[in-house]
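Subject: The structure I promised you

Hi,

Have a look at it first, then read on.

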Amino acid sequence: MKLVKKTIVTTILLLLIVFSLFQFSVASSTELTDKENAVAFLKDVVGLDISKYNITIAYYQKYPTTLPEINAYYAEANYIFEAPGSKIEASCHFRNNTLTSLSLNELVGSMLFAQPQPKDLLSAAKELIQKYQTYSGASYLQTMRNMLDPVKEINPITVISDNIKLEISTNEPFTYIKWLYTANGIDVQRKGLSFSFQNGSLMDFGNTWDFYTVVNTDLILSRDDAVRIAKEHAQNYSWKVNNITVSGFKILDSPTTAEFSMQPREGNTLYPWWNIQLYLDKVYPGMVGSIQVGLWADTEEITNIEAISNGGSVTTNDLSLSTTSLPSAQQHDISPLPE
């Protein structure tokens, strides 16, 4: 009987150990999957000679997202690639095992490539996006690659093909090549692909094209109407300082700041949005000098109203605001395109 009990206890302990090892394996495999994707991109697209480097994970953090996909996650990581005479830091962002951005920092020496690199930057950019198209299989990348054909040399230029806008800009020693989604004259900064070069070498990559859907670019409230609606709502707004309600302020007709952009409203579906800043005739309690109003440009729905102090949004302890926040992108859902 004692032998049976001892056997049962031993079996349970073994099962617990196996289960713990399984959990560790699952957690580690996620990191390795992201690492493998980063290494594959650097090998197959950037052309790094991976065989010469020892690779370590300096940092890895994974976050769940609020998106509807099952097991959706966002992660950021730093990898160190070290070889004799060369040390590189690769800062990465991932979304569901997909690399969405990469920044390279040459800590020691320069990058070691498996093959000789193109001598001019334009050829390097064409080769880079062609390799990326082969690597990812995304059809839009071939269109983006073709848009480089009319370009004869790297100079500031803009080319538009259907819903894709190519922008090339320079600021020595940097060169920026970016493709953006465009529709009805609206450039959607959130949805795009970009490469940044420093002294001819790739330093930054970002791709958010696959993760955003754009709608309602043809149903846009005009700037004047957006300002008018913002003023109507702002007039009824109030805030408190030391339990004293501040209201009845005067809004100036000018200046007025109105910024238009496409913002997420349903998951990663982008809708047109106005951000309006209305200036007041004087500084009111709480050092408030303006009122900021956000509203959807397709539905006219107000998303946020807040009092802005001379130093920014009011955040002092003795001031309580009745503020509605913009239901926009979740903090860790998608990394932005590099500037």
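V214 is buried, with a relative accessible area of 16% (buried means under 20%, exposed over 50%, and partly exposed in between, using a 1.4 Å probe and protein chains only). You will find V214 in strand β10, residues 213-214. Leaving out residues up to four places away in sequence, V214 touches Y181, V188, K191, M262 and L270, where a contact means heavy atoms within 4.5 Å. One of these, Y181, sits 33 residues from V214 along the chain, and their C-alpha atoms are separated by 8.7 Å.

Before going further, please keep in mind that this is a predicted model: local features need pLDDT of at least 70, side-chain atom pairs count only at pLDDT 80 or more, and totals for chains, interfaces and linings use all residues. Residues are numbered from 1 along each chain as its sequence is written, and side-chain values use heavy atoms, with hydrogens and water left out.

Now the overall picture. The protein chain has 4 helices and 18 strands. Of its 339 residues, 43% are buried. Among contacts with a separation of 6 or more, 49% are between residues 24 or more positions apart. The accessible surface comes to about 18,000 Å², and 51% of that belongs to carbon and sulfur atoms. These areas come from the Shrake-Rupley method with a 1.4 Å probe; for residues, only the protein chains shown count as cover.

Next, helix α4, residues 223-234. Its 12 residues should span 16 Å at 1.5 Å a residue, and the end C-alpha atoms are 16 Å apart, so the two agree. (The expected span is 1.5 Å times one less than the number of residues.) Which residues of α4 are buried? They are A226, V227, I229, A230, K231 and A234.

On to the charged pairs. Side chains of opposite charge can pair when their charged atoms come close. The structure holds 9 salt bridges, each being a side-chain nitrogen of Lys or Arg within 4 Å of a carboxyl oxygen of Asp or Glu. Here are some of them:

- D149 pairs with R145, and their closest N and O atoms are 2.7 Å apart. D149 is partly exposed at 38% relative accessible area, whereas R145 is buried at 15%. Elsewhere, salt bridges that share partners join D225, R228 and E232 into one network.
- E127 pairs with K131, with 3.3 Å between the closest N and O atoms. The two are 4 residues apart in helix α2 (residues 121-136), so about one helical turn separates them. An α-helix has 3.6 residues a turn, so residues three or four places apart point the same way. E127 is partly exposed at 32% relative accessibility, and K131 is partly exposed too, with a relative accessible area of 28%.
- K43 pairs with D44, the closest N and O atoms being 3.3 Å apart. D44 is partly exposed, with a relative accessible area of 36%.

Finally, a few backbone details to look at. Most residues other than glycine have a negative phi, and most peptide bonds are trans. Where are the cis peptide bonds I noted? One runs from E172 to P173, with omega near 5°, and P173 lies in the loop between β6 (164-171) and β7 (174-183). Another runs from S254 to P255, also with omega near 5°; P255 is in strand β13, residues 251-266.

As for positive phi, D162 has a value near 55°. D162 is in the loop between β5 (157-161) and β6, and counts as exposed at 71% relative accessibility. N199 has a positive phi as well, near 50°. N199 is found in the loop between β8 (186-198) and β9 (201-207), and at 61% relative accessibility N199 counts as exposed.

Happy to go through any of this with you.

Cheers

Notes:
Expected span 1.5 Å × (residues − 1).
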